[in-house]
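Good morning, everyone. Please bring the structure up on your screens, and we will walk through it together.

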Amino acid sequence: MRAAASSGAQLFLVTACLCSNALYSSANAPLDYLDKHTSQYTKELIDLVNIPSISSLPEHHADILSAAKWLQGRLKTAGLEEVKIYPTKSQPLVYGQWLHAKGAPTVLIYGHYDVQPADPLELWTNKPFDAKLVNGEFLGRGAADDKGGLLQPIQAVEALFKSEGKLPVNVKFLLEGQEEIGSPDFETFLTQNGKLLDADYALSADGGQNFRDQGSLAIGLRGAITVEVELQTLASDQHSGMKGGTVLNPINALAKLLAGMVDDDHHITVEGFYDDVRPLTNEDKADLAAFPFNEEAEFQALGGALPVGEKGFTTLERRWLRPTLDVVGIWGGFQGAGVKTIVPSKATAKVSCRLVPNQNPDKIVQALEAHVDRHSPHGAKVTFRLLGFKAHPYSMPKDTIVNKAAAKVLEEVMGKPTLFYREGGTIPAMALLKNVLDIDMTMFSFGLPDDRIHAPNERYVESMYKMGRVAYVKLLQSIGGLAQLEEHHDGSEL
């Protein structure tokens, strides 16, 4: 089924679907099922978090496979069919489907089971892969990003299937194991398996909410690239007394090179970096004005940090619609306790850029490499490497059928009108699905901004975990109701 209703008809269908109980069975049975299985779902999240499925570290490849097998079994238990682990060049994908809802749309649901490294371990209050539920919070690496998120639609599908014997929609699950390293094999898999993944709509279980009591839907994410710059000036480390002041120190040189990439107004100086950045639109400005952002409270929560950024833009404008260049790692010389008086032979840095609509990752990489070549000191050997994380920016319209349905569901479960916003982070799969399969993906996920993802003491709030699976039941029922309403709709009334 391919939806082809006009925008007016789409709005009618979504509203009618959510307000009418006549076209699908009451949600009570699936929601009762969820409630009765709360302890099971608690154990599931703890068990999955306890698998250290770190995609960036080769020594955890066996754990990646263990997590994939765990999810393969979980999809089967939920009632999915054709459940398979699809290998890639590195981390595999897990797929499952249920396609027996005749005449109903097909929904592709995406999530990822890989996680970030847990370092620095000494800053965790509990072991990152010994998850616990403490005071209403699941504590552990990957609890929020994205293991709690991907379990919610699985649990919702199970509740619908086990309580009603069928689903209101056809579903396909695609669970990725390399999102945290930029999804290097994902595009190839999409290109080779377009027929398998064909769907009317798509949902992402990765992402989050901005508030506990008001829903929000992201209509855009920034893209990203990461590179490594190594600058070598000597064949080996040298005594800083005998050679210091007479040879080029690579740490000093690299620090100067990196500092020159951003000026005092926090404007990126890399030639051509802003060429394709579009100005803010009136719709952007309206969304920014409607978003209840408390800048003072946010920065107080960050330890009293002061807002900084590109001159002429607000914090939200910078975060939603302006690109960035950040040094995310730098090293060279002696790193142990005490001091070792040397002039090191080389220094290395990792640089990450977040990209906004219309920017092309490949073009930005070329601009960065040209800048490094142009501004590196004479006599230095410079090595420029593209790292694995590369993603296009993603944008989608507000008024898609699923966005409208999701906004209504969020308003129902959270009690306030849903906000639309742009996310500063990156989910490579979003743009890839759009570019390869021509399908918009709605982010429907329930993490919170203070869940400390990618940092020590990551958590997932238990109430959001419960809310998410209830919301997925309601959203899948809503999307399924669209097909039934279309059959009865004559253009003006049911």
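**Rings, sheets and helices**

Let's start with a charge and a ring. R469 lies over the face of Y465. The distance to the ring centre is 4.6 Å. Keep in mind that this is a predicted model.

Stay with the rings. How many aromatic pairs does the structure hold? The count is 13. A pair of aromatic rings is described by two things: the distance of the centres and the angle of the planes. Take F444 and F446. Their ring centres are 5.3 Å apart and their planes stand at 85°, so this pair is edge-to-face, the cut-off being over 60 degrees. Are F444 and F446 buried or exposed? Both are buried. Then there is an aromatic cluster. Its members are F211, F291, W320 and Y421.

Now to the strands. Strands of a sheet pair through backbone hydrogen bonds, either parallel or antiparallel.

Look at the open sheet of 4 strands. Its order is β11-β13-β9-β14, and the pairing is antiparallel. Which strands are at the edges? They are β11, residues 324-332, and β14, residues 381-391. Each of these two pairs on one side only. On average, neighbouring strands in this sheet are turned by 20° against each other, with direction ignored.

Zoom in on one pairing here. β11 meets β13, residues 346-355, in the antiparallel sense, over 8 bridges.

Next, an open sheet of 3 strands. The order is β15-β8-β16, and the pairing is mixed. At the edges are β15, residues 394-395, and β16, residues 419-423. Each of them pairs on one side only.

What does β6 pair with? On the antiparallel side of the story, β2, residues 93-98, is joined to β6 by 5 bridges. There, V94 has L175 as its bridge partner. Strand β3, residues 106-112, pairs with β6 in the parallel sense, over 7 bridges. There, T106 has N170 as its bridge partner.

On to two helices. α4 spans residues 61-78 and α5 spans residues 143-164. They pack at an angle of about 25°, with their axes 8 Å apart. That angle makes α4 roughly parallel to α5, because angles under 35 degrees count that way. Which residues meet? From α4, they include W70, L71 and R74. From α5, they include L150, L151, I154 and F161.

Last stop: I342, in strand β12, residues 342-343. How far apart are the C-alpha atoms of I342 and G96? They are separated by 57 Å, and the two residues are 246 residues apart along the chain. So what does I342 touch? Leave aside its neighbours within four places in sequence. Then I342 is in contact with D237, Q238, S240, G333 and F334.

Conventions: Residues numbered from 1 in each chain as written. Predicted model: local features only at pLDDT ≥ 70, side-chain atom pairs only at ≥ 80, totals over all residues. Heavy atoms only, no water. Phe/Tyr/Trp six-rings, centres within 6.5 Å; stacked < 30°, edge-to-face > 60°. Buried < 20%, exposed > 50% of the residue type's maximum accessible area, 1.4 Å probe, protein only. Lys NZ or Arg CZ within 6 Å of the ring centre and 35° of its normal. Pairing = 2+ DSSP bridges. Axes fitted to C-alpha atoms, helices over the stretch in contact; angles between N-to-C directions. Parallel < 35°, antiparallel > 145°, perpendicular 65-115°, else oblique. Contact = heavy atoms within 4.5 Å.
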